[in-house]
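User: I am new to this structure and would like to learn how to read its features. Could you take me through some of them?

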Amino acid sequence: MNYNFIRPDLIVGSCLQTPEDVDKLRKIGVKTIFCLQQDPDLEYFGVDISSIQAYAKKYSDIQHIRCEIRDFDAFDLRMRLPAVVGTLYKAVKRNGGVTYVHCTAGMGRAPAVALTYMFWVQGYKLMEAHKLLMSKRSCFPKLDAIRNATIDILTGLKRKTVTLTLKDKGFSRVEISGLDIGWGQRIPLTLDKGTGFWILKRELPEGQFEYKYIIDGEWTHNEAEPFIGPNKDGHTNNYAKVVDDPTSVDGTTRERLSSEDPELLEEERSKLIQFLETCSEAEV
């Protein structure tokens, strides 16, 4: 395991690999082991999670909790953060002591969950918590996912239907990657023979979503739809932007909390805590 104390009561690290790692964490005061890995993560590294969970259950002074978040997927992180942090919040209240939050390498998902907990629960401004986190561990939490998850709770998760279209040129198969499913997934489009367009209707929450077309196996973008790039990796992507009424109360709140360094109002933090106390837990 590779880990760092972010605060005296909060550790971010890499995954446990053997049941004996539970003993190592008990010796440094850990009361909650909070695992964010999915089955493919565990299988890739040959980790037997069931033996680790069974070993932890032998002790009354430590609890192993597993709440899955998909790796390298900012949208899944955004959607999962409320329930996951709610589960973490309740575990910390129940168990006390030190909490060990981990994903696989402890570079993306775990830092993001720890940072969100610090922002929502422990009274930090977002970038204040980020500065502390980065001073303790080199990592890459997705800040926009945290901002959006915060706004989703405080303003309600509003969705709108977006329609993507691509003019057919004799293609056999057209798919979309990115959008709200991540770059490791694909959604097929349907060919409307009457209009000659490949079409996908997708209900999306507020935010900006990049995507790419995959036409007969070849990745490309559609110049007839909004696109940005090339980015730092040299990719040009299409994007869909979903925006509610910016002049409404919720629109004003979204704009403020979308800033580089959002600060929660006292009543907003209270609303977040209330949400965490009442939301369904995400443990698997």
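User: What does the side chain of Asn222 reach?

Analyst: A polar contact is a pair of N or O atoms within 3.5 Å; within protein, one must be able to donate a hydrogen and the other to accept it, and residues adjacent in sequence count only if both atoms are side-chain atoms. Here the Asn222 side chain reaches the backbone oxygen of Thr165 at 3.0 Å. This is a predicted model, in which local features need pLDDT of at least 70 and side-chain atom pairs count only at pLDDT 80 or more, while totals for chains, interfaces and linings use all residues. Residues are numbered from 1 along each chain as its sequence is written, and side-chain values use heavy atoms, with hydrogens and water left out.

User: Where does Asn222 lie, and is Asn222 buried or exposed?

Analyst: Helices (H or I, at least four residues) and strands (E, at least two) are DSSP runs, numbered from the N terminus. Asn222 lies in the loop between strand 12 (218-220) and strand 13 (227-228). Buried means under 20% relative accessible area, exposed over 50%, and partly exposed in between (1.4 Å probe, protein chains only). With a relative accessible area of 9%, Asn222 is buried. Contact means heavy atoms within 4.5 Å; leaving aside neighbours within four places in sequence, Asn222 is in contact with Thr165, Leu166, Tyr213, Phe227 and Asn238.

User: Which residues of helix 8 are buried?

Analyst: An α-helix has 3.6 residues a turn, so residues three or four places apart point the same way. In helix 8 (residues 249-257), the buried residues are Gly251, Thr253, Arg254 and Leu257. Seen down the axis of helix 8, these buried residues fall within an arc of 160°, so they line one face of the helix. The arc is that of the directions from the helix axis to the C-beta atoms. The buried residues of helix 8 pack against helix 4 (74-95), helix 7 (143-155) and helix 9 (266-278). On the face turned away from the buried side, helix 8 carries the exposed residues Val249 and Glu255.

User: How many aromatic pairs does a search of the whole structure find?

Analyst: Rings of Phe, Tyr and Trp (its six-membered ring) pair if their centres lie within 6.5 Å; planes under 30 degrees apart count as stacked, over 60 as edge-to-face and the rest as tilted. The search finds five aromatic pairs. In one of them, the rings of Tyr3 and Tyr100 have centres 5.8 Å apart and planes at 80°, so the pair is edge-to-face. This pair links distant parts of the chain, with Tyr3 in strand 1 (residues 3-7) and Tyr100 in strand 5 (residues 98-102), 97 residues apart. Tyr3 is partly exposed at 32% relative accessible area, while Tyr100 is buried at 0%.

User: Which residues have a positive phi without being glycine, and where is the cis peptide bond?

Analyst: Most residues other than glycine have a negative phi, and most peptide bonds are trans. Phe72 has a positive phi of about 60° although it is not a glycine. Phe72 is in the loop between strand 4 (63-66) and helix 4, and counts as exposed at 69% relative accessibility. For Asp216, also not a glycine, phi is positive and near 50°; Asp216 is in the loop between strand 11 (207-215) and strand 12. The cis peptide bond joins Gly229 and Pro230, with omega about 0°. Pro230 is found in the loop between strand 13 and strand 14 (237-242).
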